[in-house]
Amino acid sequence: MHSRREFLKALSVAGAGAILPASELLAQQPKFKFASKAGAIDVHHHMAPPNLPGAVGGIAAGPRGAQPAGAAAAAARGGARGGDARGGGAGRGAADAAGQRGGGRGAWTPQRSIEQMDKFGIGVSLLSLTQVGNVIYDNTEKGRAACRLVNEYGAKCMADYPKRFGMFASIPFPDVEGSLKEIAYAYDTLKADGISIYTNDNQGKWPGDPAHEPIWQELNRRNAILYMHPWVPACCSNLNYGAGSFMNEIDFETSRAVISFITGGVLFKYPNLKLILAHSGGTLPVLAGRMKDRYPADKNQYIPNGLWAEFRKLYYDCAHATYKFPWAALTALVPPTQFLFGTDYSPEPIESTMDNIPDLHLSKDVLDMLERTNAEKLFPRFKA
Amino acid sequence: MNHDHCGTSRRQLLKTLGAGATLSVFGGGKLLAQEKVNKLHVKGGAIDVHHHHAPPALANGGRGAAPGPRGAAPPAATPPPAAGGRGRGRPDGLAGPWTPEKTLEQMDKFGIAVSILSMTQMGDILYRGDEQGRRNVRIGNDYGASLMQKWPKRFGLMGGVPLPDIDGVLKEIEYCYDTLKVDAIGIYTNDNKGRWPGDKYFEPMWQELNRRNGICYMHPLAPTCCSNLRYGPAAAMLEFDFDITRAVASIVVNGVMFRYPNIKFVTVHSGGAVPMLVGRMKDRVPAGSEQYLPNGLYAEVRKWYFDIAHAAFPWPFAAARAFMPPDHLMFGTDYSPEPIESTVNELPGLKLPEDFYQALGRTNAEKLFPRFKGVVI
């Protein structure tokens, strides 16, 4: 690693071109690229609306919106990670100046996304917001205005590149009235493909809380596809155990939110909702057994076919969780019909997901499902 | 106790059973029919590294758990949900307080030669940071040692320590090793005061354990931040395993293993969420921690040992097996908070190769605890 760091330092001093021939820089081919003509459908792809108050590069200010803890280190060492564990479009690592991973430095733009999508054989990306929970979930007019702003920004991306972008619109949780209005606007005016929610409402409540029920009712009526992105709750944003909350806390949240959805009876009462989880389900696949054995008995009416049957109805994007270990757990728990492709770009470089796929030795059938056919069933307008 | 809503009917059922009404409630045949014993076929008998004693002088209701939400018994103990397929009636029929005799009966039933005893959800009793905490730990350790003496071929002991009282911890480590001859030191995943084991605060404890080439057995305790989150279930469903993951991360990224390489670390439940998240953890190593990870994060995490107690389900096992070296997985049951069936009933479905099964059931643990090498049933 040292020699690489020194190398990078040299690069930033002398300028890349002076050391490496340009051809060598450009020659970095992706380790894996989808081969189909239509390309993959990426359901976990973040936009960073430039004018969102309280956010920089699509990431909220403050500890919960901060860059992944590893970012600075990764940038400095430029080692295994190529310095690309940065947050949002901002804060790119030095290695990006030299290498091609992550698509270069500077602010995120839709063009940059498309460049990356082309590089990896991704046909369509469904845009959503990343870590801005405390901006849009503030339960005031400001939250409503922020959602409106980002949804219109996303709609503009869709209009500019109709074949490349879809959108999961945001709603201003836990503001029920504001959320209902935004749902109507998102579907009826902006023609969003689904609704994006965070795993908690930023006010200490999880999705199964009765306070949120009118929102689920309305989304059920609209047969909504819900894209659930983790957001570290206040309880766990500043635990002092040595790692940033992006290391673990974010994935714990997905399991909490799912069990809240189920024990709160939301998925039972509103069966038209389709729920997509990020990161191969976070921790859910490894804990599914213990979850079943700790399921509150007074909520059994919500799992007529058992808890696992509920887990098997959910969809799981594989963003940044195609490592062999989570994949082994996920594939043992749910059928391949539930897999979706995702990348978590640009907070995460696309390589973090794609580079591992060859090692999974997926059959052609499963790879097709992961790449696009499962997503086509959810989003038929993107059918090849 | 806030888990009452979940446990009441079961408690009543148990009371009824305890009153000798078994046969009038269930047909006797039905009870017996449920009992398909998946006895282990480990040569020499298994070594169970995750087995709890419940010192009668400390335990609440004789179940070894502290009162309150964090010590609560598993919430889902009413009649089995038709749903879950294999629901939660206790197949071992455990009612009333834990006793060593009950444990031995269960061990014999399942083919377990040795259980290494530790204390379960007693963080509020043991981790008080005061004189009473020291006394409680001592009571628990002395009781565990008395069981080792009485059944030297059946029990080992992970001695507890009175965190966050570091002086008390150091004294107890000394007492545990020099007087009680424990097999390891058992800690919880946090000190019950908002600190995780990689915190500098713990340093003297690690120093001393390193000096003694100690084995650290780490059991979850839901931390105060996360004991009463209102998302539906009790903390026992998820928060225990989350805290395992936090504590492993804390130890690894803060360099405890780097500075104290003589300590061997063991944790439970197939590593909690560690095998699932370890890839993303690798990509989120905090600035400044690389110095502690000369061979990368995976290499450090793979030095851990995981017991498979209540986490031999196909999914966690697949992840743990894909990530961990095979000789770092050990058998455990989490008895008596968890029936032994929860673990052993999953094993046949895993279709483990015979040598792997033997290593998992016994020989991997023998390497850590060599005094049990010849101890067979």
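1. Start with a charge on a ring: Arg138(B) sits over the face of Tyr175(B), 3.6 Å from the ring centre. Here "over a ring" needs NZ of Lys or CZ of Arg within 6 Å of the ring centre and within 35 degrees of the ring normal. Arg259(B) does likewise with Tyr292(B), at 5.6 Å from the ring centre.

2. A word on what you're looking at: this is a predicted model, where local features need pLDDT of at least 70 and side-chain atom pairs count only at pLDDT 80 or more, while totals for chains, interfaces and linings use all residues. Residues are numbered from 1 along each chain as its sequence is written, chains are lettered from A in the order in which they are written, and side-chain values use heavy atoms, leaving out hydrogens and water.

3. Chain A has 17 helices and 10 strands (DSSP runs numbered from the N terminus: helices are H or I with at least four residues, strands E with at least two). Of its 384 residues, 65% are buried; buried means under 20% relative accessible area, exposed over 50%, and partly exposed in between, with a 1.4 Å probe and protein chains only.

4. On to the interface between the chains. In all, 64 residues of chain A are in contact with 65 residues of chain B, contact meaning heavy atoms within 4.5 Å. The two chains bury about 5,500 Å² between them, 65% of it on carbon and sulfur atoms; that is the accessible area (1.4 Å probe) lost on putting the two parts together, summed over both. On the chain A side, Arg290(A), Arg294(A) and Phe325(A) lose the most area to chain B, together 16% of what that side buries.

5. Aromatic pairs next: the whole structure has 29 of them over all chains. Rings of Phe, Tyr and Trp (its six-membered ring) pair if their centres lie within 6.5 Å; planes under 30 degrees apart are stacked, over 60 edge-to-face, and the rest tilted. Trp308(A) and Trp315(B) make an edge-to-face pair, 4.7 Å centre to centre with 85° between the planes. This pair crosses between chains, from helix 14 (residues 307-311) of chain A to helix 12 (residues 314-323) of chain B. Trp308(A) is buried at 13% relative accessible area, and Trp315(B) is buried too, at 4%.

6. Within chain B, Phe265(B) and Trp304(B) are a tilted pair, because their planes meet at 35°, with centres 5.0 Å apart. The partners are 39 residues apart: Phe265(B) is in strand 6 (residues 264-267), Trp304(B) in the loop between helix 11 (296-301) and strand 7 (305-307). Both are buried.

7. Six run between chain A and chain B. Arg280(B) bridges to Asp251(A), with the closest N and O atoms 2.7 Å apart.

8. Inside chain B, Glu341(B) and Lys109(B) meet at 3.9 Å, N to O. Glu341(B) is buried at 8% relative accessibility, whereas Lys109(B) is partly exposed at 22%.

9. Arg211(B) and Glu208(B) form another salt bridge, 2.9 Å from N to O. They are about one helical turn apart because three residues separate them in helix 7 (residues 203-211) of chain B. Arg211(B) is exposed at 57%, but Glu208(B) is buried at 15%.

Notes:
Salt bridge = Lys/Arg side-chain N within 4 Å of Asp/Glu carboxyl O.
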